[in-house]
Amino acid sequence: MSQKAPQTDRPLIPLSFIAEYAYCPRSTYYLLTDAPRVRDENTYIQDGRAAHRVVDKPYTRHRNALRVQSSLRIYSRQYGISGVVDVVEFYPHNVIVPVEFKRGKKRTNPAHRQQLALQALCLREMFSSSHLTYGEIFFTGDRQRKRYTLGDDEQKEAIVLADAVYKRLQKDLLDPHDFPQHRDARCDGCCFRDLCYL
Ligand code: SF4
């Protein structure tokens, strides 16, 4: 499937950077400024790569009326988002379901919901579909799926996140004070920890 190149007045910001803002705004600042990262190639990172290997390359498969597309590039002109979805399932009647692959066993994580909600903003715009009401996380450890409803509340949350990052990009120079540090348990294992705690 081919989509036209996106045109937008907003800079296209990687979806992962916007999702990261919910986790820690300062981390997004470091990503936007391409700050050096220090991170060991620990088992979590290696497991994460392995979890995505099966969907790293684009493919299209058909199962009866279902079409499955992997590694699909997505964007929202309206909100200035670009990214890639691991898998998108296209059902009859323009029903669309984004599916993200994660390492480990089935669990609940608000960050997963936020990532799916940002993807939903893009997919609804690209495919003019109002039939995107949920997304799923597929856990490679136990091959279970966790479903997240993607309704009005989740859409509003995603728009607030995208707007927050967009507004902070309006300055000629990014101001780190616009991206506060959380400085809590989330810092454990953060690839920017050395830089952040200077
Ligand atoms: S070390 Fe902590 S405060 Fe700094 S970017 Fe990472 S998570 Fe955020």
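I read the chain from end to end, and the pattern came out as β-α-α-α-β-β-β-β-α-β-β-α-α. That is six helices and seven strands. I am working from a predicted model.

**Entry 1. Overall numbers.** I looked up burial across the protein. Of the 198 residues, 30% are buried. Then I checked how far apart in sequence the contacts reach. I took contacts between residues at least 6 apart, and 66% of these join residues at least 24 apart.

**Entry 2. Helix α1 on helix α5.** I fitted axes to α1 (residues 15-23) and α5 (residues 152-168). The two come within 9 Å and cross at roughly 100°. That makes α1 roughly perpendicular to α5. Which residues meet there? From α1 I listed F17, I18, Y21 and A22; from α5, L161, A162, A164 and V165. I sorted the residues of this contact by class and got eight nonpolar, no polar and no charged. As a general note, nonpolar side chains tend to be buried together in soluble globular proteins.

**Entry 3. What covers α1.** I went through α1 for burial. L15, I18, A19, E20, Y21 and A22 are buried. The cover over these buried residues includes β1 (13-14), α2, β4, α4 and α5. I note that E20 is on the buried list, and E20 counts as charged.

**Entry 4. The largest nonpolar core.** This core holds 34 residues. Which of them touch the most other members? I found I18, I81, L118, L123, L161 and A162. I then asked which elements supply at least two residues each. They are α1, β3 (66-76), β4 (81-91), β5 (95-102), α4 (110-127) and α5. The most comes from α4, with eight residues.

**Entry 5. Helix α2.** Six of its eight residues are buried, so α2 is largely enclosed by the rest of the structure. The buried ones are R26, S27, T28, Y29, Y30 and L31. They pack against α1, α5 and α6. After the helix comes D34, with a positive phi near 55°.

**Entry 6. Y59.** I ended with a loop residue. Y59 lies between α3 (43-53) and β2 (60-63). Is Y59 buried or exposed? Y59 has 11 C-beta neighbours inside 10 Å, so it counts as exposed; the cut-off is 12 or fewer. I also took the distance from Y59 to S70. The two are 11 residues apart in sequence, and their C-alpha atoms are 5.3 Å apart.

Terms used. Residues numbered from 1 in each chain as written. Predicted model: local features only at pLDDT ≥ 70, side-chain atom pairs only at ≥ 80, totals over all residues. Axes fitted to C-alpha atoms, helices over the stretch in contact; angles between N-to-C directions. Helix = DSSP H or I, 4+ residues; strand = E, 2+ residues; numbered from the N terminus. Parallel < 35°, antiparallel > 145°, perpendicular 65-115°, else oblique. Contact = placed C-beta atoms within 7 Å. Core = buried A, V, L, I, M, F, W, Y, C linked by C-beta atoms within 7 Å. Buried ≥ 20, exposed ≤ 12 C-beta atoms within 10 Å, placed from the backbone.
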